[in-house]
Amino acid sequence: MLVQTGNSIAETLPELIETMEIYRDASASRAGAALHHVTINPAKNISREQLVQAVHKIRLELDPDGTRPFAIVIHRKKRSEAGGADEHAHLVLGAVDAIGKSLDDGWTKIRTERVARELEYELGEPALCGRHHRAVLKALYGKRPDVYLWLLNALGPDPEKPQSAISPAARNRARGQNLNLPKAKASVRAIWQKSENVDSFRNGLSQIGLRIVAGERSNVFVIVDEKGRLIGAANRILQTRREKFNTMMESSNEPATRSAALTNVGRSRPTSVRPDQLSSPEDRRIRAAVDTVKFGAGGRGGRRPNSADHRLAEPASRQWGSPRGSTTGDKTTDRLRQHRALTQLRQLDFLLLQALTSRAQSIPTIPFVEAGVGPQEDGLVHKDLWGIVLLPKPRW
């Protein structure tokens with residue numbers, strides 16, 4: 001629900017956004033964005049007036065002059081997990097004002113995080129630890145000493161940084177797959193809280209159509225649904241350190257190697273595991289043999305890791321004597337061929353120059369008469385090596 005607009009005559013949200021786009025296109029600095037979007041999610045239910053005031057505090061932090069068009073939207077929905085207010089607000093703030101001046105968005109994350117800590121203090125909410133905790137403490141020390149002491153006493157000077165349960169890339173991928181990540185994440189956490197061990201956790205996941213399997217990256221376990229769609233890394237969803245979670249998984253005899261269940265997950269990047277990072281020499285020999293078949297004797301991407309097991313899959317001619325002892329692939333071979341070809345051309349150029357020089361020395365100077373060309377001082381007309389007539393020196 002649109003509750004307030006400002007610095008614009010637009011009456012609807014689409015009209016306001018169109019105004020912001022016009023300001024962006026007409027800006028002298030050629031701004032890349034038309035608007036900024038900020039969400040305000042209280043930890044407890046507050047009045048609508050308090051929510052609007054909180055939005056204005058963030059708006060004036062980003063736009064101290066208060067000249068840019070803005071809109072405040074209140075959204076009500078039931079939370080996926082227990083806790084938190086049912087109503088939250090959205091701030092849509094124009095990036096350019098009416099005279100074409102762009103918004104100063106430097107240090108935006110730290111500034112908005114500082115305002116969030118101030119709002120938590122003023123609304124009586126518990127202190128939360130952000131990813132820029134130390135920088136926020138430094139900023140609060142000079143501007144809000146009371147909030148600084150409150151935050152320092154609650155969390156300390158350098159607490160453990162929080163981890164996002166799901167990365168932005170995973171959210172975008174889930175949106176394209178029509179997957180409700182917040183609901184799935186809440187279900188996983190609820191099962192984890194009721195589980196006594198990893199085995200009961202795995203059984204609880206299977207009852208709602210989820211599985212925990214090894215991810216593409218080494219020592220990372222992920223949760224997928226029955227269609228193979230990725231929910232996220234298990235330790236990130238459960239907000240547990242990866243080493244601690246992997247220790248629990250090892251106690252259940254679950255290897256942290258890639259599973260065939262992730263064939264159609266559709267990760268955005270290929271695996272970054274090197275052959276020397278695999279679990280055993282036998283696994284490294286298998287990976288080396290596969291890379292030899294897929295990519296040639298030079299290995300994946302033409303790069304040969306410094307591993308004795310990987311050298312077993314390479315011909316003897318490629319094992320030793322490579323430039324600088326590090327690479328042997330097709331790129332290096334092409335560079336060597338280009339270098340040799342250039343060297344041969346230079347040698348040919350030098351020989352041709354020698355031949356021309358010796359021939360020029362053997363060519364005698366002969367008299368030549370041409371119309372319009374006067375004789376030299378010796379009475380003869382001379383030509384150079386290329387047949388160009390040498391004109392007499394001027395007499396001044």
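Tutor: Helices (H or I, at least four residues) and strands (E, at least two) are DSSP runs, numbered from the N terminus. The model is predicted, so local features need pLDDT of at least 70 and side-chain atom pairs count only at pLDDT 80 or more, while totals for chains, interfaces and linings use all residues. Residues are numbered from 1 along each chain as its sequence is written, and side-chain values use heavy atoms, with hydrogens and water left out. Here pLDDT is the predictor's confidence in each residue, from 0 to 100; its mean over the chain is 75, and 65% of the residues reach 70 or more.

Let us begin with the sheet. Two strands pair if DSSP finds at least two bridges between them. Four strands form an open sheet in the order S1-S3-S4-S2, and their pairing is antiparallel. At the edges are strand S1 (2-6) and strand S2 (35-40), each of which pairs on one side only. On average, neighbouring strands of this sheet are turned by 15° against each other, direction ignored. For such angles, axes are lines fitted to C-alpha atoms, for helices over the stretch in contact, and the angles run from 0 to 180 degrees between N-to-C directions. Strand S3 (residues 70-76) and strand S4 (residues 87-94) are joined in the antiparallel sense by seven bridges. In S4, Glu87 stands opposite Arg76.

We now turn to the helix. Helix H1 (residues 13-26) lies across S1, S2, S3 and S4 and runs at about 140° to S3. Contact means heavy atoms within 4.5 Å. The expected span of a helix is 1.5 Å times one less than its number of residues. At 1.5 Å a residue, the 14 residues of H1 should span 20 Å, and this agrees with its end C-alpha atoms, which are 20 Å apart.

Which residues of H1 are buried? They are Leu16, Thr19 and Met20, where buried means under 20% relative accessible area, exposed over 50%, and partly exposed in between (1.4 Å probe, protein chains only). These residues cover an arc of only 100° around the axis, which puts them on the same side of H1; the arc is that of the directions from the helix axis to the C-beta atoms. The cover over the buried residues of H1 includes S1, S2, S3 and S4. On the other side of H1, by contrast, Pro14, Ile22 and Asp25 are exposed.
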